[in-house]
Amino acid sequence: SKNISIFKNPAVAWSGGKDSTLVLWLCLKLKPDILTVFNNTGVEYPETVKFIHQIRDEWKVSLVEKHPDTTFFAVCERLGYSNSKVEKGHGHGSPCCLHLKEKPMLELIRQYDIDCTFTGVTAVESRQRQMTALRIGACYFAESKNCQMVHPILWWTEQEVRQYHADMGIPLNPMYSKGCDRVGCMPCTAFK
């Protein structure tokens, strides 16, 4: 990640969670004007949206907030909730992720000609992520997106992430102090 300048149009995918906030903080140290993308699915915790806007203003983040062309409720009505009628090869088995996050992100990659996306993906988050991480690693070219994917903290533990936040004074989303382990979409069942 130190040589971020090799990319013409890099971006950070930021959800407001502890992992992606840490990656955003790291990327801003190397490239203060890096494009930052928040895919607001419409079913985010209000505290998360407020946190993202607060950090955007405090850190002077070049933020693009993307809203999907559909809603969570329309996706559930059409395709079902959770794992039913999954469109093969996308996400972790949820039509929600495909339509509310992945498709909007692909639109942004094309719109902004993003050639590299930095994420806060960690392998410890799920067994599927561990298996994928072992298979493709922390840096790879995603042909479906025509974009390099970089996961700088892929092998960090949750304790290491939290300790880095504490050591560097990186703020945490207030939802963690309210007992949430994850701060993604409110109705998400993918990692529970």
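Arg162 and Glu158 lie 4 residues apart in helix α6, so about one helical turn separates them. Select these two residues to begin; the model on screen is a predicted one. Their side chains form a salt bridge, and the closest N and O atoms are 3.1 Å apart.

Next, select Glu125, Arg129 and Arg182. Salt bridges with shared partners join these three residues into one network. In the whole structure, a search finds 8 salt bridges.

Now select Lys178 and Glu47. These residues form a salt bridge too, with 2.9 Å between the closest N and O atoms. Which parts of the chain does this pair link? Lys178 belongs to the segment after α6 (158-168), while Glu47 is in helix α2 (residues 46-59). The two are 131 residues apart, and the pair links distant parts of the chain. Lys178 has a relative accessible area of 55%; because exposed means over 50%, Lys178 is classed as exposed. Glu47, at 24%, counts as partly exposed.

Stay with the salt bridges for one more stop and select Arg56 and Asp57. Their side chains meet in a salt bridge, at 2.9 Å from N to O. Arg56 is partly exposed, with a relative accessible area of 28%. Asp57 is at 49% relative accessibility and counts as partly exposed.

Switch to a cartoon view and colour the strands. In what order do the 6 strands of the open sheet stand? The order is β3-β2-β1-β4-β6-β5, and the pairing is mixed. Pick out β3 (62-66) and β5 (139-142), which stand at the edges. Each has a single partner strand, so one side of each is left without a neighbour in the sheet. From one strand to the next, the twist averages 30°.

Zoom in on β1 (residues 10-13) and β2 (residues 35-39). These strands run parallel, and 3 bridges join them.

Conventions
Residues numbered from 1 in each chain as written. Predicted model: local features only at pLDDT ≥ 70, side-chain atom pairs only at ≥ 80, totals over all residues. Heavy atoms only, no water. Pairing = 2+ DSSP bridges. Axes fitted to C-alpha atoms, helices over the stretch in contact; angles between N-to-C directions. Salt bridge = Lys/Arg side-chain N within 4 Å of Asp/Glu carboxyl O. Buried < 20%, exposed > 50% of the residue type's maximum accessible area, 1.4 Å probe, protein only.
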